[in-house]
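Have the viewer open and follow along.

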Amino acid sequence: MALRELSSLEKYLGLKKPNKYSTQGEKKVPVLQNSNGPPLVGLVTIACYLVKDAKRSELLGDSAESRAVVQQWLEYRVTRLNNLTKDDVKTILKELNLYLQDKAYLAENQFTLADILMYYGIQPLIVDLAIQEKEQYVNLTRWFDHMQHYPGVRRHLPPVVVLRNRIYTSRHH
Amino acid sequence: MTKEEVQGATEEEQQAQSKKAQKKQQKEAEKAAKKAEKQAKLAAEQQTTEEDDFAKDQYGVSPMVQSQQKLDRALVRVQDLTPERADQLIWLRARVHTSRAKGKQCFLVLRQQQFNVQALVAVGDRASKQMVKFAANITKESIVDVEAAVRKVEQKIESCTQQDVELHVERIFVISQAEPRLPLQLDDAVRPDGEGEEEGRATVNQDTKLDNRVIDLRTTTSQAIFRLQSGVCQLFRDTLTNKGFVEIQTPKIISAASEGGANVFTVSYFKTSAYLAQSPQLYKQMCICADFDKVFCVGPVFRAEDSNTHRHLTEFVGLDIEMAFNYHYHEVIDSITETMVQIFKGLRDNFQTEIQTVNKQFPSEPFKFLEPTLRLEYTEAVAMLHEAGVEMGDEEDLSTPNEKLLGRLVKEKYDTDFYVLDKYPLAVRPFYTMPDPNNPKYSNSYDMFMRGEEILSGAQRVHDAQLLTERAMHHQIDLEKIKAYVDSFRYGAPPHGGGGIGLERVCMLYLGLHNVRQTSMFPRDPKRLTP
């Protein structure tokens, strides 16, 4: 899973030569064997390296505040979106929905690496939602729909239908 | 020991004993005296109370009404108690909904069906202390006859339907006494879900309500639901009769299952077995072949489906329509949708009180419909679902969740809670459904939906014996068992179509309720045979 995310990210960044990855341990943590240095381990570490390599460091935030926020969501992505129970899923969807209530991107008004990796990570949860649930987490699905239509981001993932109109307006049915 | 000695000893003993006995007797006498005194006192008291009670003929428990007499007494209905009747002295029969004694006064709420009024028994010229006490002790739900003066009130009584008047009771007689403990409280049974939670008040769950249905049916909500249901039947009959339909009665004990043998009740019938009708389908079609042209039928329908859902019953009331048409089965659809629209309009115009009463406990949006009714084709519906991200085959039947979703999509797009879905895939319909002449994979059949749930299933029927035989064979139906049915089409049969509606479902969905048991007076499901 992580490897496909990284290769999609490479393509998004426009890196010409695809890197070779391996995995380590039971959790299949991605490893990048660098030609001129020690191996890089972990999704976020490698992703940040790729961003720097592509000279797109604005994707890591262009102010001290936004850099901190991007790091915080990258950490959230790798620590929270693993081995989820049903209750966890609900909590995460609720949290993100509330957070995105007044934001276009995770780092306020700026598209960053956090949006890309969060989109890849949350996609499997969104796919399983019924239309009524998607409407329940309307801020999250709005952001999600924006991400999957963001030029070059979607790559390996199938599109998910997100309705633009609310259809469950009444209290019943 | 000598005899004398023995005697002496016994005498001594006797003496001692008699002393004891004397004491005992004395004590007993004292006791008796006290008792007598007490009794005398009590009797005296009673006498004085009886003497004091100048109103003793103005209240009490009436002897059982065995039709001993024809009283020339007009009973006023609670709903007619308006300020126009102020200061009149009236008689009234009602239930004691609640009673609350407060010093020298007793407030009663008297209820008659969905209406109630406040009544007051106060110590004064007309009522004695004992009468107030008697009124306060009448058990809830007892039926009473009351003579009272109607009085205007300055402040509206918010808790009653008759807010502008109250009754000053002059006489009160219990006609039927209720047992003091009720299996459920009426006020609890009408409390909207979640409302009483902060105050720690109870609501009554569905099963308890149904177990004590007679009491539950007295609630304002139930009264309104079943008055509205009666209205649906009446509007259905009136509309169709005006359109030239004939009401027919069909047998419910039948020899062959009409739509698939799986969900049918078998009953033993002398030396053989019979089935309970799943629908009057075959009979209403035979009436068409017998030149009745347009028929309808209101009666019980049985389904032996072991499904415990919010919308399935094993016995329900079917409203069935069948009519001959000239050239196109859309004539039938138009006739049915016009009937439904007439029902919706009739309910909207004549049953506002009932709708609002139910809304108080079960809030829902008003029912919306278009004129003429929206008609969508099955392929359009599947396209709408695809667009919303649902994966399903073109000729697949609609699942319940997809049906509901489609209802929401249609509501959003067309703003209607009622629509027709036309041209179902042939494969998912019964054998007597007419195939579509333009595409043999589809059929001239339709469903109608209210708030996204199916209420009617109908189609143009095959009126050609040859084709009907083919279709039956395709469905692997034993031709021998449906011989009489197929034969009816051999001697000239007009093209015809129709449909069947579930009365309970129509009421449930019109009112936006969640469970069909709420609109069935004595519901039957796989787990309930009583009451």
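## Two cis prolines

B:Pro531 sits in the segment that follows helix H14 (503–511) of chain B; helices here are DSSP runs of H or I with at least four residues, strands are E runs of at least two, and both are numbered from the N terminus. The peptide bond joining B:Thr530 to B:Pro531 is cis, with omega about -5°.

There's another cis bond between B:Glu371 and B:Pro372, where omega is about 0°. Look for B:Pro372 in the loop between helix H9 (352–361) and strand E13 (374–377) of chain B.

This is a predicted model: local features need pLDDT of at least 70, side-chain atom pairs count only at pLDDT 80 or more, and totals for chains, interfaces and linings use all residues. Residues are numbered from 1 along each chain as its sequence is written, chains are lettered from A and ligands numbered from 1 in the order written, and side-chain values use heavy atoms, leaving out hydrogens and water.

B:Glu141 isn't a glycine, yet its phi is near 75°. Is B:Glu141 buried or exposed? B:Glu141 is buried, at 4% relative accessible area (buried means under 20%, exposed over 50%, partly exposed in between, with a 1.4 Å probe and protein chains only).

B:Phe270 also has a positive phi, about 50°, and counts as exposed at 77% relative accessibility.

## Helix H4 of chain A

H4(A) buries A:Ile92, A:Leu93, A:Leu96 and A:Asn97. On the other side, A:Asp87, A:Lys90, A:Lys94 and A:Leu98 are exposed.
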